Number of protein chains: 2
Amino acid sequence: MSETLPLPKTSKKRKQLIDHALRLFGQHGIHAVGINEILATSGVAKKTLYNHFVSKEALIQACVLERDSRFMTWFEQACDKADSTASLIECVFDALDNWVNDRVDILGHFNGCFFVNTAAEYSKQECVIYQHCIQHKNNIKALFQLRLTPYISDEIQRNNLVELLLLLKEGVINCAHVMNDKQSAVKAKTLALAYV
Amino acid sequence: MSETLPLPKTSKKRKQLIDHALRLFGQHGIHAVGINEILATSGVAKKTLYNHFVSKEALIQACVLERDSRFMTWFEQACDKADSTASLIECVFDALDNWVNDRVDILGHFNGCFFVNTAAEYSKQECVIYQHCIQHKNNIKALFQLRLTPYISDEIQRNNLVELLLLLKEGVINCAHVMNDKQSAVKAKTLALAYV
DNA sequence: ATTATAGTATACCGATCTGTCTACTTTTTT
DNA sequence: AAAAAAGTAGACAGATCGGTATACTATAAT
């Protein structure tokens, strides 16, 4: 009877819990999903959950981190074939087009940006969950910066494109989500390419 | 003892309830806010709430409609001084800049787009609340179309600008919300003006 | 093979949720 | 002034919430 909490993060049950919780949170929001629903769909006992996480809050935090990890891995990979400014733009918006049209299994059924939706439910700046959401978007920004540096040496010019890409990316997500415009990524790609 | 439900929509108590509910929903999301919290902050009795609304769901629907009304009124007014494509762009992003920097009282403390956040909590297409959120964004699109028609006669050219404005507007909202970039509207304005 | 560990299933706790009900008071209408 | 309508305060019901405890089972390590 150890009762020492930190069970291995590689545990199969832990992954199951996060996987199902992420899908439910992503589909209905966080406050709308109860522990019991997560347990029922993941087929895990309640005690097992509380052996891995001290609270629902801890599970939520793990979900946010896992979502960031999955998203960044997928997005980095999608950008890997870029070898110029224009091709990076193509990669970015082709990837977004795949996502909003439900062709990316690892991201689940598209329901807007998980981090935007989650930040809206945890709006206090000092909240850890909110901070993780901010961090994710900064990771995206850093990715754009890093990937564009080889092709655009002028910092101001590069920063301007980074800002445009960030704005258009977020625009694509919202327009696809709440205007049901599944072509938004294609439109944004055209606009971004016209800019450069 | 009438028990016939539809009390006048002009009722002071009804407005109080919607007003406080909107602020709480906007700040924490909908599922995170309970009826009792709304009653406590609005200073209204529980029975009065249920005299005006058959359920929490009905109150939520009224809130979404009220938010749309407030937003459209404010946004229309902000666009009224525009007399050219360029000045409309200025009006739009100046308005957004005011909003995300908490200088628009009627919209309350900025916490991203209420309709995006709400749609994320009610993701089923057949859900009335979700449909109201979609409707709002279509209202915005129609506004752009209508306001640009006098200045851009070519339909394709006009549609392209409408799409750009929609993408940038949503981008501004998300970047301000979850990247904490309160300059996003200014940046978007520059980019939009460069496009035309 | 024994033993600690991690798991299941489920009852239970106190708190909170939406919604109803009663008793009373204030406001409005006639 | 009387009556109808709309309000308050709060107890209450039944369900569900997050989280704990108990009893038992399967797995894995020594």
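Modeller: Let us start with what an axis is: a line fitted to C-alpha atoms, for helices over the stretch in contact, with angles running from 0 to 180 degrees between N-to-C directions. Please keep in mind throughout that this is a predicted model.

Colleague: How is a pair of packed helices described, and at what angle do the axes of α1(A) and α2(A) cross?

Modeller: In general, two packed helices are described by the angle between their axes and by the distance between those axes. Here the axis of α1 of chain A, residues 12-28, comes within 9 Å of the axis of α2(A), and the two cross at roughly 120°. That angle makes α1(A) oblique to α2(A), and the crossing is right-handed.

Colleague: Which residues of α1(A) and α2(A) make the contact?

Modeller: From α1(A) the contact is made by Q16(A), L17(A), H20(A), A21(A), L24(A) and F25(A), while α2(A) brings E37(A), I38(A), L39(A), T41(A) and S42(A). Sorted by class, the contact of α1(A) with α2(A) has six nonpolar, four polar and one charged residues.

Colleague: Now to the DNA: how many residues surround DNA strand D, and which helices supply the surface?

Modeller: A residue counts as near a strand if one of its heavy atoms lies within 4 Å of it. By that criterion 19 residues surround DNA strand D, the closest being I35(A), K46(A), Y50(A), K56(A) and T48(B). Of the atoms of DNA strand D that come within 4 Å of the protein, sugar and phosphate account for 66%. At least two residues of this surface come from each of α2 (35-42) and α3 (46-52) of chain A and α3 (46-52) of chain B.

Colleague: Where do polar atoms of chain B approach phosphate oxygens of DNA strand D?

Modeller: A polar side-chain atom of K13(B) lies 3.2 Å from a phosphate oxygen of DNA strand D, whereas G43(B) and A45(B) each present a polar backbone atom, at 3.5 Å for G43(B) and 3.0 Å for A45(B).

Colleague: And what surrounds DNA strand C?

Modeller: DNA strand C is surrounded by 19 residues, with A45(A), T48(A), I35(B), K46(B) and K56(B) the closest. Phosphate oxygens of DNA strand C lie 3.3 Å from a side-chain N or O atom of K13(A), 3.4 Å from a backbone N or O atom of G43(A) and 2.7 Å from a backbone N or O atom of K56(B). By class, the surface near DNA strand C has seven nonpolar, seven polar and five charged residues.

Terms used: Residues numbered from 1 in each chain as written. Chains lettered and ligands numbered in written order. Predicted model: local features only at pLDDT ≥ 70, side-chain atom pairs only at ≥ 80, totals over all residues. Heavy atoms only, no water. Polar contact = N/O pair within 3.5 Å; in protein donor to acceptor, adjacent residues only side chain to side chain. Helix = DSSP H or I, 4+ residues; strand = E, 2+ residues; numbered from the N terminus. Parallel < 35°, antiparallel > 145°, perpendicular 65-115°, else oblique. Left-handed = near helix turned anticlockwise from the far one by under 90°. Contact = heavy atoms within 4.5 Å. Nonpolar A, V, L, I, M, F, W, Y, C, P; charged D, E, K, R; others polar.
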